[in-house]
Amino acid sequence: MTDKIEIWTDGACSGNPGPGGWGALLIAGDKRKELFGGDRQTTNNRMEMVAAIEALNAVKKPSKITLHVDSTYVKDGLTKWITGWKRNGWKTAAKKPVKNQDLWQALDEACQRHEITWKWVKGHAGDPGNERADELARMGTEAARG
């Protein structure tokens, strides 16, 4: 695991639920890759998760990744909550089914190949990577509207 990659991800939704988009900016040395997509009927949390899944899956070999997210839902889900959810058969502490289980499982799988350092950044606060990921997510929302 020698490649060092910086990734910024973001999700957006027009209405919640409604048309939504996700965006990701990946930077490895002097290489830069931008990804985005959308869904006609989704939620902001789902788009935040899809952004991270798509970005991690775009990195084909095991790498050291710093993943910048403005979603505490995504960061806390992977760093604090997922172990308990798995132990409890994908139920919350209140014994209710975990929302977005399909995406949590996909995100967990996408994380397994990499060594990830999670960084929370405040959204819309001038972080250049986060601002670009937000622009890409809005492009994804527009594309989803058709």
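Here are some notes on the model above, point by point.

1. **What we're looking at.** This is a predicted model, in which local features need pLDDT of at least 70 and side-chain atom pairs count only at pLDDT 80 or more, while totals for chains, interfaces and linings use all residues. Residues are numbered from 1 along each chain as its sequence is written, and side-chain values use heavy atoms, with hydrogens and water left out.

2. **Overall layout.** The chain has 4 helices and 5 strands. Starting at the N terminus, their order is β-β-β-α-β-α-α-β-α. Helices (H or I, at least four residues) and strands (E, at least two) are DSSP runs, numbered from the N terminus.

3. **Size.** A compact globule of 146 residues would have a radius of gyration near 15 Å, and the chain agrees with that at 15 Å. The radius is taken over C-alpha atoms, and the globule rule is 2.2 Å times the number of residues to the power 0.38. Along the principal axes, the C-alpha atoms fill a box of roughly 45 × 40 × 25 Å.

4. Of the 146 residues, 45% count as buried; buried is under 20% relative accessible area, exposed is over 50%, and partly exposed is in between (1.4 Å probe, protein chains only). The accessible surface comes to about 7,800 Å², with 49% of it belonging to carbon and sulfur atoms. Those areas come from the Shrake-Rupley method with a 1.4 Å probe, and for residues only the protein chains shown count as cover.

5. **Contacts along the sequence.** Take the contacts with a separation of 6 or more: 67% of them are between residues 24 or more positions apart. A contact here means heavy atoms within 4.5 Å.

6. **Charges.** There are 23 positive and 19 negative side chains, and the centres of the two sets lie 6 Å apart. Lys and Arg count as positive, Asp and Glu as negative, and His and the chain ends are not counted. Each charge is placed at NZ of Lys, CZ of Arg, CG of Asp or CD of Glu.

7. **Strand β4 and its partners.** I'd look at β4 (residues 64–69) carefully: 5 of its 6 residues are buried, so the strand is largely enclosed by the rest of the structure. It pairs in the parallel sense with β1 (residues 4–13) over 6 bridges, and also in the parallel sense with β5 (residues 115–120), again over 6 bridges. Two strands pair if DSSP finds at least two bridges between them.

8. **Threonine 66.** This residue is in β4 and stands opposite threonine 117 in β5. At 17% relative accessibility, threonine 66 counts as buried. Leaving out residues up to four places away in sequence, threonine 66 touches Ile5, Glu6, Ile7, Thr117 and Lys119.

9. **Backbone spots to check.** Most residues other than glycine have a negative phi, and most peptide bonds are trans. The bond from asparagine 16 to proline 17 is cis, with omega near 20°; proline 17 sits in the loop between β1 and β2 (18–28).

10. **Two positive phi values.** Asparagine 100 has phi near 65° and lies in the loop between α2 (72–87) and α3 (101–112). Histidine 124, with phi of about 55°, is in the loop between β5 and α4 (128–145). Buried or exposed? Asparagine 100 counts as buried at 17% relative accessibility, whereas histidine 124 counts as exposed at 61%.
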